[in-house]
Amino acid sequence: MSLTILNTPTSPNVTGTNLIYTISSSVVPAYQYRYLVDVYESGSATRLARFKYPQNSSGTVNIDLGRVLDDYLDYDYNWKTTITDSSSLANKEFTIKFGDEYGTSYTSNVTTNPDQVSSSIKVFKGNIEYPSVAEYFTASNTIEYQSSSINFNYKPFVNSDIGDYSESTMTNNPNLLTTPVRAKYNSYDFNTGIEDDFWAKDMWLSSSQGFYVAQPTSLEDYGTETYLFTDETRGQPLASITIFNDNNERIWFNRLPGAESSAGGWDGTANISIPTGLKNLQGLYNITSLTGSLGDGPLSASISSSDQWNWYVIAAVSHATPTQFASHYYYNEDKGPDTLLSLNTGSASDALGRWLTDCSPIKPALWAKKYYPTYCNNEKTRFAFINSFGAWDYYNVYMPTRRVTNIDRKIYEQPRLNLNERQTTYNVSNRGETQYYTEYTDDFEITTDIIDSQESQWLREMFESPEVYIQSGSDFIPINMLNTTEQIINSSARNKQFQYTIRYQFSNLREPR
């Protein structure tokens, strides 16, 4: 065997970076020498692609397979999933086999020697997260960031030492990040260190600054949250939904479909999506003992208007021993966040958001001081877009939409008099210039509410996203973003608040006539 693998990318990794393999050979230099690279999907004997590379000046070869592997992945269009869903489209394992070929002279035939050494890698469509957390110190509640790297650091997203204190949620949406490692509004002012994995209780007791956040939604909104599942994740994701009324009484509870068992349901690496929108969960049955007048029927039959509920929490863990968990809060867009933000009951001994039984309310001091929008005047646009992790994020804008229609007309001029007649006459109704083709291009604009720097930096991902949709009823309609510039925070002394004007066109334009 003449080949040696000197360097491989870490696994799992993302295709939106440089996935560098370095190979050396003991027969370099040889006549007409080329390194061979064969790409297979793991477990398949069908070769996807073959590439040939010449040696560099050092006799080795450095091969970047990021773009190559990206071509064999796709996005999972699972906005409407009603169960915990794993897709093989967005996350795959590949086997990379290396060989070589060379001849006995400059003009001889070459001998091909494939499959001498191989390496496997698990990848998904995403980008590196930088800065990324390298270490989390529970005693001091401090974070150490890793130095710049071309490799994706998956540790904060799985059940590693860091992952015990970090959400596996593949999003930078600050309204869904509440853990010690990833909370965007966490001020790190805890009076005591974090004990064990019960960080939610420690944060409840000792933090004085707000960092819990919530996202507005409605009964008609589809939504998902995506988690990274790896070999280090124990079991499969476990999640539940608990719904409260205006009196902060628990009226609805169930585990999310497909997440009932702690037994492992997936092998290897996968992107796991759980349904979080009330539209996704309308067939879910109420199993709480506090059913009241709602009964234990499906969600769609019992909660049919915004008057019947106020807020809910999705509590999720990514492994089989749920000593810690991530609670994500959603509030009724029609009623606004007032009731949610006034929560001041419940026992401090209860860890917040228990996935098995209940969700304890939160004292008001723990809510981040930010703007929480309210739906009014029937002005709402719901965007769904692929974020930097290759997963779906959702964003509601409660502002009027402006439309500008550009019209392109083609006109020709026809004679007003027919001089070929025996005796011509002028008719005032005869058309001279005639329009024979009209094309319409509709440009839309919508301005966001006032947002802070955390939310503005997350929304940059929508402007850069390769896939953006608008939810219209039960349909998701593709659009193209027209924004060509982005504004980011310039200093800590100014630009504390932002407003974005989002410009877009529908991907399918009106037919010309």
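Me: Which residue lies over the face of Tyr75?
Reply: A charge sits over a ring if NZ of Lys or CZ of Arg is within 6 Å of the ring centre and within 35 degrees of the ring normal. Here Lys125 lies over Tyr75, at 4.9 Å from the ring centre. The charged end of Lys370 sits over the ring of Tyr372, 4.6 Å from its centre. This is a predicted model: local features need pLDDT of at least 70, side-chain atom pairs count only at pLDDT 80 or more, and totals for chains, interfaces and linings use all residues. Residues are numbered from 1 along each chain as its sequence is written, and side-chain values use heavy atoms, with hydrogens and water left out.

Me: How many aromatic pairs does a search of the whole structure find?
Reply: A pair of aromatic rings is described by the distance of the centres and the angle of the planes. Rings of Phe, Tyr and Trp (its six-membered ring) pair if their centres lie within 6.5 Å; planes under 30 degrees apart count as stacked, over 60 as edge-to-face and the rest as tilted. The search finds 32 pairs. In one of them, the centres of Tyr33 and Tyr102 are 5.9 Å apart and the planes at 15 degrees, so the pair is stacked.

Me: Is Tyr33 buried or exposed?
Reply: Buried means under 20% relative accessible area, exposed over 50%, partly exposed in between (1.4 Å probe, protein chains only). Tyr33 is buried, at 2%. Tyr102 is partly exposed, at 27%.

Me: Which aromatic pair is edge-to-face?
Reply: Tyr212 and Tyr329 form one, 5.9 Å centre to centre with 85 degrees between the planes. Tyr212 counts as buried at 2% relative accessibility, and Tyr329 at 1%.
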